[in-house]
Every structure is written in structure tokens, then in C-alpha cells.
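Welcome! Take a moment to look over the sequence and turn the model around on your screen. Then read on for a short tour.

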Amino acid sequence: MSTLPRLGISVGDLAGIGPEIIYKTLLDARLLKYCTPVVYGTATVLFDDFPADKQQSAPLTFRQVRSAADIDPGKPNAVTCWDEDYTLTPGQPSEASGRAARESLLAASRDLKAGLLDGLVTAPISKENTQSDEFRYPGHTEFLTSFFEAPESLMLLASEDLRVATATGHMALKDVPGRLTRELLLAKLRILLKSLKGDFGIDKPRVAVLGLNPHAGENGLLGSEEADVVTPVIQQLLSEGHLVYGPFPADGYFGTAQFRSFDATLALYHDQGLIPFKTIAFERGVNFTAGLPVIRTSPDHGTAYGLAGQFKADETSFREAVYMACDLIRQRQKYAGLKPLVPGPAPRGGRME
């Protein structure tokens with residue numbers, strides 16, 4: 001049991017559904033067969049108001065510690081990140097809930113960098129509410145890329161039968177064409193190809209690249225980015241022996257389920273990839289940050305303030321993020337020639353049986 005991966009969990013915005021989906025996920029004690037969960041936040045503040053699962057033989061309890069070095073393997077743990085008694089109102093983000101989200105994320109990230117954790121699962125934050133003089137990032141992805149000093153990273157949304165990455169992330173749509181250079185696109189595709197091999201165990205991945213403009217530019221009639229940027233990069237990677245194809249018009253590509261012929265799809269901007277992904281795989285989708293030296297996953301949804309405090313939030317995506325983190329840790333260790341910590345692939349499609 002002591003060899004299981006230590007999985008850090010940041011709590012997200014406390015005014016949202018983060019604590020609830022964490023609680024519901026950890027209620028299933030069978031998760032402890034695959035990892036040792038370490039929640040970053042005071043357990044009594046986070047979970048005391050939630051009802052117990054009547055099907056549980058024992059209530060959910062945590063070992064509350066001051067340092068991840070003191071966690072108890074094989075049991076739920078909580079690392080104290082703050083001593084304040086926060087007064088929180090569900091569904092109403094505040095300076096306090098934003099500060100707690102930052103402190104939880106920073107503490108978990110520091111422990112991950114120090115080797116006290118083997119992976120990180122992040123609950124949703126409010127990008128606006130989390131900002132401070134010390135934290136100026138559009139989201140988790142940008143912060144973790146900077147914190148772990150990665151030259152580039154890649155937002156990769158994944159489910160059982162669909163993987164969609166985005167070449168550009170959290171930026172205004174008007175800024176995308178200027179950001180989309182050959183160098184950037186090539187870097188993103190190399191990260192994607194490497195991740196599909198090392199993290200997902202696909203020996204010869206097939207990747208599709210979408211066009212930026214309607215109808216993938218219609219041979220220059222509707223834009224030149226496909227001819228100037230996208231096609232030359234695809235041709236370069238094909239000449240190197242990689243199976244990269246496109247550019248495909250995004251509407252027809254998803255409308256005809258052409259994505260099923262590929263191991264992953266690279267969209268060129270945020271909504272081009274996330275709208276079809278969430279339409280197809282919203283409940284079980286997971287956000288994975290490829291290109292980092294560490295494993296980080298998250299659910300593919302936000303804080304859902306409108307659901308907070310009602311105990312009606314669906315924890316499926318968060319639970320899948322935990323499962324996927326375990327699988328990715330196992331696969332990355334296997335790819336590196338190490339003995340995997342995780343005993344086998346985590347189950348998919350619902351609670352563990």
C-alpha cells in the first residue's frame with residue numbers, strides 16, 4: 001500500500017463545487033487501491049457540512065497534517081494550508097475563497113516540485129477571483145507551466161474515445177492569428193506526439209490538425225493561415241515520419257465524426273476544441289496539461305457557482321481526472337523503464353467495482 005502514488009488535490013474556489021466533488025469522489029474507499037489522496041486544505045472547513053453517504057460503512061475521515069511528508073499511505077490525508085476560519089457563502093466567490101484557492105494550489109505545487117507528491121488533480125478555480133499581486137495567470141495551465149519551468153505546455157482534453165488539444169489557450173480570439181506561428185504550432189504538435197507516446201502508450205499516434213478559418217481557408221479565399229502556417233508544419237512532421245494530417249475544416253471534421261480515425265486532434269484556439277469536446281464528452285472529460293515534467297489533471301468544467309451548496313453537483317469528471325492521473329503516472333513510469341507504482345489501469349465509467 002505504501003508504494004501507491006501520492007496524489008495531491010487542490011480544492012479550487014471554496015464558493016464553488018470543488019469541495020463537494022472532491023468529497024463525493026473520496027467517499028468511495030476503493031479509490032485507495034490506486035492512490036493515496038492528499039487534499040490541500042483544512043478538512044473540517046471543507047467537508048464537515050456535507051451529508052454522509054448512507055452506503056458507506058464508515059464516515060469519510062482524513063489524517064490532517066501540516067506537511068505532506070507526514071501523510072499516512074493508503075488513507076485520505078489533508079494538508080493544512082490556512083489557519084483562518086473562513087466565512088463562506090456557497091455560490092458567492094469572495095476575496096477569502098480566492099485566497100484559499102491560491103494557497104491550496106501553491107502548497108500542492110510546491111510539494112509536487114519537492115517530490116512529496118507523484119501527481120496533482122486541481123479542482124476548478126475562478127480565473128478572475130484567484131488573481132492577486134503574486135498570482136497573475138489566466139488559469140492553472142499557465143501557472144503550472146511557469147512554476148515547473150516548462151518551455152511550452154499543451155491543454156489536452158481527454159476521454160475514453162476522444163482527445164482534443166489546443167494550440168492556443170486562454171486568450172482573446174482577436175489575438176489568436178498573431179500568436180499562431182509555425183514555431184508555436186510545431187512546438188505544440190511535438191508535445192502532443194510525445195505525450196501520446198509516453199503518457200498514453202500509443203506507439204505511432206495519428207494526429208489531425210484543424211484549420212483556423214471556415215472551410216480551412218477555402219484555398220486562401222477565406223484566410224491564408226492554413227497555407228502560410230499550418231500546412232508547412234504538417235509537411236515538415238510528415239517528412240520526419242510522423243502521422244500528422246490536415247488542415248481539416250472543424251465543422252465537418254466533428255460533424256462527420258472524423259475524429260474517430262485519429263488518436264488526437266489539435267484545435268487552433270480554445271473554443272474550437274472545447275465546444276465539440278464538451279458536447280461529446282462533457283460528463284467524463286478530463287483536462288490534462290501535457291508537456292510538464294509532472295502529471296496534472298482536472299475536471300473539464302468550472303466552478304459551477306449556481307450549483308454550489310445544493311449537493312447536486314456531478315463528480316464524474318473529477319473522479320475521471322483522479323483515475324486518469326493514476327493511469328498517466330503508471331504509463332509515464334512504464335515508458336521511463338521504471339516499475340509502476342499503480343497496480344493496474346484504473347477503472348473507467350463510474351465508481352469502482
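Let's start with a pair of helices: the axes of helix 6 (residues 182–198) and helix 7 (residues 225–239) come within 9 Å of each other and cross at roughly 45°. Helix 6 is therefore oblique to helix 7. Keep in mind that you are looking at a predicted model.

**How helix 6 and helix 7 meet**

- The crossing of these two helices, helix 6 and helix 7, is right-handed.
- On the helix 6 side, the residues in contact are Arg182, Leu185, Leu186, Leu189 and Arg190.
- Their partners in helix 7 are Asp228, Val229, Val230, Pro232, Val233, Gln236 and Leu237.
- Sorted by class, this contact between helix 6 and helix 7 has eight nonpolar residues, one polar residue and three charged residues.

**The protein chain as a whole**

- If you count the secondary structure elements, you will find ten helices and twelve strands in the protein chain.

**Inside the fold**

- Of the 353 residues in the protein chain, 55% are buried.
- Now consider contacts with a separation of 6 or more: in the protein chain, 72% of them are between residues 24 or more positions apart.

Note on methods: Residues numbered from 1 in each chain as written. Predicted model: local features only at pLDDT ≥ 70, side-chain atom pairs only at ≥ 80, totals over all residues. Heavy atoms only, no water. Axes fitted to C-alpha atoms, helices over the stretch in contact; angles between N-to-C directions. Helix = DSSP H or I, 4+ residues; strand = E, 2+ residues; numbered from the N terminus. Parallel < 35°, antiparallel > 145°, perpendicular 65-115°, else oblique. Left-handed = near helix turned anticlockwise from the far one by under 90°. Contact = heavy atoms within 4.5 Å. Nonpolar A, V, L, I, M, F, W, Y, C, P; charged D, E, K, R; others polar. Buried < 20%, exposed > 50% of the residue type's maximum accessible area, 1.4 Å probe, protein only.
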